Amino acid sequence: MSVTKTAEAVCIGHPDKLCDLIADTILDDLLYEDPSARVAVEVMASGRRIIVTGDITSKGRPRIRESVRYALAKAGYVPWKFLVFVWTRRQSPDINAGVSKSLEARFGDDTEFALQGAGDQGTVYGYATAETPQRLPLPLVLSHEICARLDQARKDGTITGIKSDGKAQVTVRYDAAGRPVAVETVVVSIQHDKTKDLDELASEVRTLIVASACKPYLPMSADTEILVNPSGLFTVGGPKADTGLTGRKLMVDSYGGLAPHGGGAFSGKDASKVDRSGAYMARLIAKTIVEARLAVECQVSLSYAIGKADPVAFSVDTLGTGEYADEVLAKAAAEVFPLRPGGIIDALNLRKPGFTRYSTYGHFGHPGLRWENSFAHIDALRKAVKKHAHENDADR
């Protein structure tokens, strides 16, 4: 029996994604001066106003308005047309105390990475699937690819008369074995000039964007339904049409709603917040398990308590596709990968700036990222799995 799966993505000028871009631009600017900066900023964009608020504790000087204007220009907007309001404060001393000296350290634990506690409580998830080279669900990969191509077409003039607010949604049909077999429906909405001919726009999007995006993965057929601006005109967009907020596109940032999300946003947060660092490590673990051919699909969950270094829970779920018991894979992963926040930050080099690059088109699936570098850990993981599988058999 076949099933369908759907995911969406958004362009760089979508109001919510614009807020994520601004938040991460502020974070990056602070990390350039102070790699130990504690940052948790939230952004709202409404009409011609950009509002920035949150917690910042840094040795550097925040240049928030400059960061906002830089991000606006990068997203295709005219910075001087916006008013910027800033209300920030330092991180709570109670939270800072728990992050700077963990519960374990307060009780005398001096082992590696015991000092730093988690910056918040909660559960984060990592996911990987063998169905694409990126180890992400195909509908999400295609949606991101379409949005990236729309943004590029606007910048290089391949399609004239379009603006930076837009989104894409892709529905893929899977066979009974779980293999993607057809692109069923593609929905694209892109802001445009009032003078843009809508029939011409629809034709350009179908041929230059959608067809070329799908071709390397699963070419469209005559039965593929492509809807371009199904609501009709889309001449008013961005914050003028819809209020934007940081963290409102969580599924776009992660797995398209086709795997769990803990609910915490990534953007605007330094890596002491496990919403970000823990989710990145969970993704690396899941992807390594799939790349090592220990499972076709894998879901990892990590739960933390604020101020505590060790996770309070860690599990691996291969959704029935694992070569070994999930318990064995979890024990092996805990041996190979650091799970304490300090260890994660060190292993993934998360004190360096550069987060702005991932605030559009998802935080996963991009080559060159340390939380995507699964091949570096395959041999160690396989060795650990064999050891724990042998121990598991001996205990029976």
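**Exercise 1. Find which residues Lys273 is in contact with, leaving aside its neighbours within four places in sequence, and decide whether Lys273 counts as buried or exposed.**

Step 1. Once those sequence neighbours are set aside, Lys273 is in contact with Val39, Ala40, Gln91 and Gly119; contact means heavy atoms within 4.5 Å.

Step 2. Now place it: Lys273 is found in the loop between α7 (250-253) and α8. Helices (H or I, at least four residues) and strands (E, at least two) are DSSP runs, numbered from the N terminus.

Step 3. Lys273 counts as buried because its relative accessibility is 10%. The cut-offs are these: buried is under 20% relative accessible area, exposed is over 50%, and partly exposed is in between (1.4 Å probe, protein chains only).

A quick word on what you're looking at. This is a predicted model, where local features need pLDDT of at least 70 and side-chain atom pairs count only at pLDDT 80 or more, while totals for chains, interfaces and linings use all residues. Residues are numbered from 1 along each chain as its sequence is written, and side-chain values use heavy atoms, with hydrogens and water left out.

**Exercise 2. Work out how many residues the largest nonpolar core has, and which have the most contacts inside it.**

Step 1. Start with the term: a nonpolar core is a set of buried Ala, Val, Leu, Ile, Met, Phe, Trp, Tyr and Cys residues joined through side-chain atoms within 4.5 Å.

Step 2. The largest one has 75 residues, and Ile50, Val68, Ile289, Leu350 and Trp371 have the most contacts inside it. Helix α8 (residues 274-291) gives this core its largest share, ten residues.

Step 3. Apart from that core lies another, of 30 residues, with Tyr174, Ile190, Leu201 and Cys214 among them.

Step 4. Zoom in on Ile50. Not counting residues up to four places away in sequence, Ile50 touches several residues, including Ile22, Val43, Val68, Leu72 and Phe85.

**Exercise 3. Describe how helix α1 (residues 15-33) and helix α2 (residues 64-74) cross.**

Step 1. Their axes come within 9 Å and cross at roughly 135 degrees. Axes are lines fitted to C-alpha atoms, for helices over the stretch in contact, and angles run from 0 to 180 degrees between N-to-C directions.

Step 2. That angle makes α1 oblique to α2. Under 35 degrees counts as roughly parallel, over 145 as roughly antiparallel, 65 to 115 as roughly perpendicular, and the rest as oblique.

Step 3. The crossing of α1 past α2 is right-handed. A crossing is left-handed if the near helix is turned anticlockwise from the far one by less than a right angle, and right-handed if clockwise.

Step 4. Among the residues making the contact are Leu18, Ile22 and Thr25 of α1, with Val68, Tyr70 and Ala71 of α2. By class, the contact has nine nonpolar, two polar and two charged residues. Here Ala, Val, Leu, Ile, Met, Phe, Trp, Tyr, Cys and Pro count as nonpolar, Asp, Glu, Lys and Arg as charged, and the others, Gly among them, as polar.

Step 5. Take a closer look at Thr25, which sits in helix α1. Thr25 is buried, with a relative accessible area of 8%. Leaving out residues up to four places away in sequence, Thr25 touches Ser67, Tyr70, Ala71 and Thr356.

**Exercise 4. Find the angle at which the axes of α8 and α10 cross, and how close they come.**

Step 1. The two axes come within 10 Å and cross at roughly 65 degrees. So α8 is roughly perpendicular to α10.

Step 2. Their crossing is left-handed.

Step 3. On the α8 side, Val274, Ser277, Gly278, Tyr280, Met281 and Leu284 meet Pro341, Ile344 and Leu348 in α10. These residues divide into seven nonpolar, two polar and no charged.
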